[in-house]
Number of protein chains: 2
Amino acid sequence: MSDTVTAVTRIVHQFAECWNQHDMKAFADLFAPDAEFVNVVGLWWKGRDEIRRAHELTHATMFRDSRLTITDVSVRFPVPDIAIARSRWRLEGHVAPDGAPLPARTGVLLNVLASTSRGWAIIDSQNTDIIDGVLSRPQ
Amino acid sequence: MSDTVTAVTRIVHQFAECWNQHDMKAFADLFAPDAEFVNVVGLWWKGRDEIRRAHELTHATMFRDSRLTITDVSVRFPVPDIAIARSRWRLEGHVAPDGAPLPARTGVLLNVLASTSRGWAIIDSQNTDIIDGVLSRPQ
């Protein structure tokens, strides 16, 4: 694996490590100041501060004891300073608003990263839940 | 609006125009040969041909009479030859596997585009349904 693939893959794994430590300051520091993030229900956060606050809220509640595992990462470089990293993940230990445990779920996370003077930073994320056995959204 | 923003925005609108004409050859031609696409249930298609075949299948069935509207487009350029275009959309006229009409749904589509000798091409797409009123996936 090349050094750049290793460096980008490491950021994706740090995403999960910060999540599992519920350290949303360290989590937000993986992002560029003007990064954007769309979560699995289409909430669109603009900027590192919004991304941090949104995750602080969920990690104080539904995700407080949750554990995120990155199960694979695929990295492409359309130009040398930009990486497209797509990963599959599994989430366990999250709860409903009433505190009831919820079953594990899986998804696909896209991160676009840029090479900066501080190393690779996430400039855009979009997350999508996997729903098995269907071609599109069941309703 | 700058010429490059106009050119990228135009590709996003062509995505919807090809969808509404159910012309999956023209749709696929918006993508680079090695483009990837993750749809709203986490299906991960690799390459323009897979993207075309997957959409041919759904446009012969559930999406045959569907209509996609792009309601807004936001474009950023992390480097001059790469664009991150995020849009909100609304889909109407799609049906369940048994042919029953389904309610309209909305979502957020991320397209990453690269400037090529043929103009801007989509190199990566990820799509996420909007679910109103929740912070994360209801289960």
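Predicted model: local features only at pLDDT ≥ 70, side-chain atom pairs only at ≥ 80, totals over all residues.
For bookkeeping, residues are numbered from 1 along each chain as its sequence is written, while chains are lettered from A and ligands numbered from 1 in the order in which they are written.

So, how do the chains relate? Two copies of a chain are related by a rotation about an axis and a shift along it.

Next, the interface. I'm calling two residues in contact if their C-beta atoms, placed from the backbone, lie within 7 Å. On that basis, 36 residues of chain B are in contact with 36 residues of chain A. On the chain B side, the elements giving two or more residues are strands E1 (31–38), E3 (67–79), E4 (82–92), E5 (105–116) and E6 (119–129). Those names come from DSSP runs, numbered from the N terminus: helices are H or I with at least four residues, strands are E with at least two.

Now the sheet itself. Two strands pair if DSSP finds at least two bridges between them. In chain B we get an open sheet of 6 strands with mixed pairing, in the order E2-E1-E6-E5-E4-E3. Strand E2 (44–46) and E3 of chain B are at the edges with a single partner strand each, so each has one side without a neighbour in the sheet. At the E2 end, E1(B) and E2(B) are antiparallel over 3 bridges, and B:Glu36 has B:Lys46 in E2(B) as its bridge partner.

Over in chain A, E3 (residues 67–79) and E4 (residues 82–92) also pair in the antiparallel sense, over 10 bridges. A hairpin of 2 residues joins E3(A) to E4(A), and A:Val79 has A:Ile82 as its bridge partner in E4(A).

Last, a helix. Helix H3 (residues 48–59) of chain B lies across E1 and E2 of chain B, at about 55° to E1(B). For that angle, axes are lines fitted to C-alpha atoms, for helices over the stretch in contact, and angles run from 0 to 180 degrees between N-to-C directions.
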